Amino acid sequence: MTTARDRALAAALADARDRPDDEERCAELDRIAARADAADDPRTAVSARFALVEAYLHRGERWRTVEPVRRLRATLARHPGLLDAHPDELVRLRRHERQAVEAALGTPRVGLDQIRSLTDTLADELGPDATPVAELRCRLADHLGDEPAARRAYQRWTAGDAADPVGGCPGCAPARRAELLTGWGEPEAALAALDRHGQHHGQHGRHHGERDAADGAPDCTDQPERSLTAGLLPWLRTGAVERAARAHVRAYGRHRRERAAFPLLATHLRFCALGGYPHRGLELLTEQLPRLDRPADDLSAMEFAAAGALLCGLAAEAGLGGRRIHRPGHGSRPAAEVDVATLGAQLQALATALAGSFDARNGTGHQSGRIASWLAERPLAGPVSLAAESEFDEEPEADPADPGPPGPEEPAPLDAALLTAALAARREVVTAEPDGTLVGRWGEATIQFRVLGEVLHARVVAARTLPADRRAEAYAFCNAWNHDRLLPAAYVHEPGDGTLVLAAGVTTDLSCGVAPTQLAVLVAAAVRTGTAYADAVAALG
């Protein structure tokens with residue numbers, strides 16, 4: 001029997017899902033999950049924590065997923081079989097368990113026992129030799145400096161099913177393997193790992209725009225740039241300097257502006273340092289230095305700082321130690337113009353401190369030793385000219401007074417003009433309201449598209465309304481929809497006229513920008529799922 005308390009929790013969860021993706025939304029989802037625990041409402045608790053985990057992932061705060069994932073497991077331990085009838089949610093939970101382990105490896109704020117416990121739980125569910133388990137154990141052993149154990153797990157990982165639905169992106173698995181092999185001092189094996197999966201383009205490369213099957217998995221949005229970055233140091237170390245230079249230019253043209261690409265920037269900086277490009281490296285460091293104050297995690301901050309310190313040290317040896325770089329203020333640190341030698345010392349201190357924090361958590365000295373080895377590296381080859389950089393760069397120069405519209409695959413800040421163009425390209429009839437909202441009618445659905453700062457919000461209103469005395473049925477319908485469907489998030493609105501309006505919403509944070517082709521996909525998804533929702537409302541008895 002559905003109680004008033006159940007309905008209140010369901011309504012609160014629907015409202016929280018419809019909020020902008022900010023810290024207050026995360027706090028509200030956490031409160032709803034706690035209230036559901038107290039009310040012995042495991043379904044709402046699970047739904048709220050799923051939403052909370054996904055909010056943290058979307059915000060780039062992966063390490064915060066560990067606790068809600070742990071509580072999800074605790075809820076299922078108290079209510080065995082809760083997800084038995086929902087295998088898709090069980091796969092979803094196991095993916096989040098894998099993501100939580102990956103996130104925990106990136107910060108010393110999570111205990112090693114918790115990491116091992118999460119990994120063991122996944123092993124109990126999937127089997128000890130399952131591909132996702134083998135990869136996690138390989139990466140954990142490598143993080144701790146136990147290379148023999150890491151290599152044994154690596155063999156199980158590479159022998160497993162690359163398409164396991166719980167595993168990470170199969171299109172990026174070769175790059176993840178190549179990164180490990182590079183760290184173990186095996187550049188040829190790293191390139192072979194990329195080559196076996198069609199992601200090694202050879203030593204001469206191709207011009208920008210010449211994409212084919214060799215560019216990696218077609219369904220992976222991180223390719224081919226992720227694999228190009230994984231190949232930078234192996235190419236450099238095997239003498240394919242020109243290939244590395246061309247790959248760097250192409251990949252950095254994308255990674256320079258993507259928030260999720262921060263962990264890859266250390267490799268770009270190391271390439272510039274070891275490839276003999278100190279001037280270019282300092283330009284990259286100057287451009288990306290503000291991101292160090294808001295890193296993806298502590299591990300990527302440590303590696304960025306170490307790569308930056310290496311670059312500064314080699315630049316100083318090349319006579320560039322007096323060059324000044326602007327470092328923005330952050331927290332109690334004031335903004336300052338810092339010379340290269342001083343900045344290098346600051347970055348080295350940060351990298352060393354973070355490595356020490358990891359080693360204190362891990363009970364080893366591996367991370368400190370790894371950072372020390374990075375700082376001791378020396379250039380591997382003379383530079384190859386990057387004069388033809390614009391030929392490969394994804395951001396050709398344009399007149400700043402007349403930048404023109406973005407290309408179809410070029411990210412740009414979300415604005416009303418971009419949204420209007422996306423709807424116009426569909427030849428849809430929409431009306432612009434005074435506040436800028438674009439409204440259209442698709443069958444049984446009225447959909448309102450709004451640009452809220454850097455957030456795209458689509459609100460769906462079903463044409464059919466229900467009388468107020470069918471409130472319990474309306475809530476049950478929305479709960480069932482939210483349980484079974486990813487989009488849109490359904491809820492009940494009471495306008496006070498004796499009717500119930502069944503609405504739904506989709507909110508997408510586009511703070512990193514959006515390409516027109518991506519926006520077209522988001523609009524199409526909102527229309528498709530919104531009309532399906534309205535049709536389901538119309539079909540109610």
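## Overall make-up

Two residues are in contact when heavy atoms of theirs lie within 4.5 Å. In this predicted model, residues 24 or more positions apart account for 66% of the contacts in the chain that have a separation of 6 or more. The secondary structure of the chain comes to 22 helices and 8 strands, and buried residues make up 49% of its 541 residues.

## Helix H14 and its surroundings

Helix H14, which spans residues 265-274, is mostly covered, with 9 of its 10 residues buried. The buried residues are Leu265, Ala266, His268, Leu269, Arg270, Phe271, Cys272, Ala273 and Leu274. What covers them includes H11, helix H12 (232-237), helix H13 (241-255), H15, H16 and helix H18 (366-375). Just after H14, glycine 276 takes a positive phi of about 85 degrees.

Two packed helices are described by the angle between their axes and the distance between the axes. For H14 and helix H15 (residues 278-288), the axes come within 8 Å and cross at roughly 155 degrees. Because angles over 145 degrees count as roughly antiparallel, H14 is roughly antiparallel to H15. On the H14 side the contact is made by Leu265, His268, Leu269 and Cys272, which meet Pro278, Arg280, Gly281, Leu284, Leu285 and Gln288 in H15. The residues of this contact divide into 6 nonpolar, 3 polar and 1 charged.

Helix H16 (residues 298-320) holds glutamate 303, a residue that counts as buried at 16% relative accessibility.

## Aromatic pairs and charges over rings

A search of the whole structure finds 8 aromatic pairs. In one of them, the rings of tyrosine 154 and tryptophan 157 have their centres 5.8 Å apart and their planes at 80 degrees, so the pair is edge-to-face. Both residues lie in helix H8 (residues 147-159), where they are 3 residues apart, about one turn of the helix, and tyrosine 154 and tryptophan 157 are both buried. Together with Trp184, Tyr154 and Trp157 form one aromatic cluster.

A further pair is made by tryptophan 442 and phenylalanine 449, whose ring centres are 6.3 Å apart and whose planes stand at 85 degrees, so this pair is also edge-to-face. Tryptophan 442 and phenylalanine 449 are both buried.

## Backbone features in loops

Most residues other than glycine have a negative phi, and most peptide bonds are trans. Aspartate 40, although not a glycine, has a positive phi of about 55 degrees. This aspartate is found in the loop between helix H2 (23-38) and helix H3 (42-58), and aspartate 40 is exposed, with a relative accessible area of 55%.

The peptide bond from glutamine 223 to proline 224 is cis, with omega near 5 degrees. Proline 224 lies in the loop between helix H10 (187-196) and helix H11 (225-230).

## Residues brought together across the sequence

Arginine 426 has its place in the loop between helix H20 (416-425) and strand E3 (430-432), and arginine 426 is partly exposed, with a relative accessible area of 31%. Not counting residues up to four places away in sequence, arginine 426 touches Trp442, Val523, Ala524 and Val527. One of these, alanine 524, is 98 residues from arginine 426 in sequence and 8.7 Å from it in space, C-alpha to C-alpha. Another, tryptophan 442, is the residue whose ring pairs edge-to-face with that of phenylalanine 449.

Alanine 189, in helix H10, is likewise partly exposed, with a relative accessible area of 23%. Alanine 189 and proline 234 are 45 residues apart in sequence and 8.8 Å apart in space, C-alpha to C-alpha.

Terms used: Residues are numbered from 1 along each chain as its sequence is written. This is a predicted model: local features need pLDDT of at least 70, side-chain atom pairs count only at pLDDT 80 or more; totals for chains, interfaces and linings use all residues. Side-chain values use heavy atoms; hydrogens and water are left out. Rings of Phe, Tyr and Trp (its six-membered ring) pair if their centres lie within 6.5 Å; planes under 30 degrees apart count as stacked, over 60 as edge-to-face and the rest as tilted. Helices (H or I, at least four residues) and strands (E, at least two) are DSSP runs, numbered from the N terminus. Buried means under 20% relative accessible area, exposed over 50%, partly exposed in between (1.4 Å probe, protein chains only). Axes are lines fitted to C-alpha atoms, for helices over the stretch in contact, and angles run from 0 to 180 degrees between N-to-C directions. Angles under 35 degrees count as roughly parallel, over 145 as roughly antiparallel, 65 to 115 as roughly perpendicular and the rest as oblique. Ala, Val, Leu, Ile, Met, Phe, Trp, Tyr, Cys and Pro count as nonpolar, Asp, Glu, Lys and Arg as charged, and the others, Gly among them, as polar.
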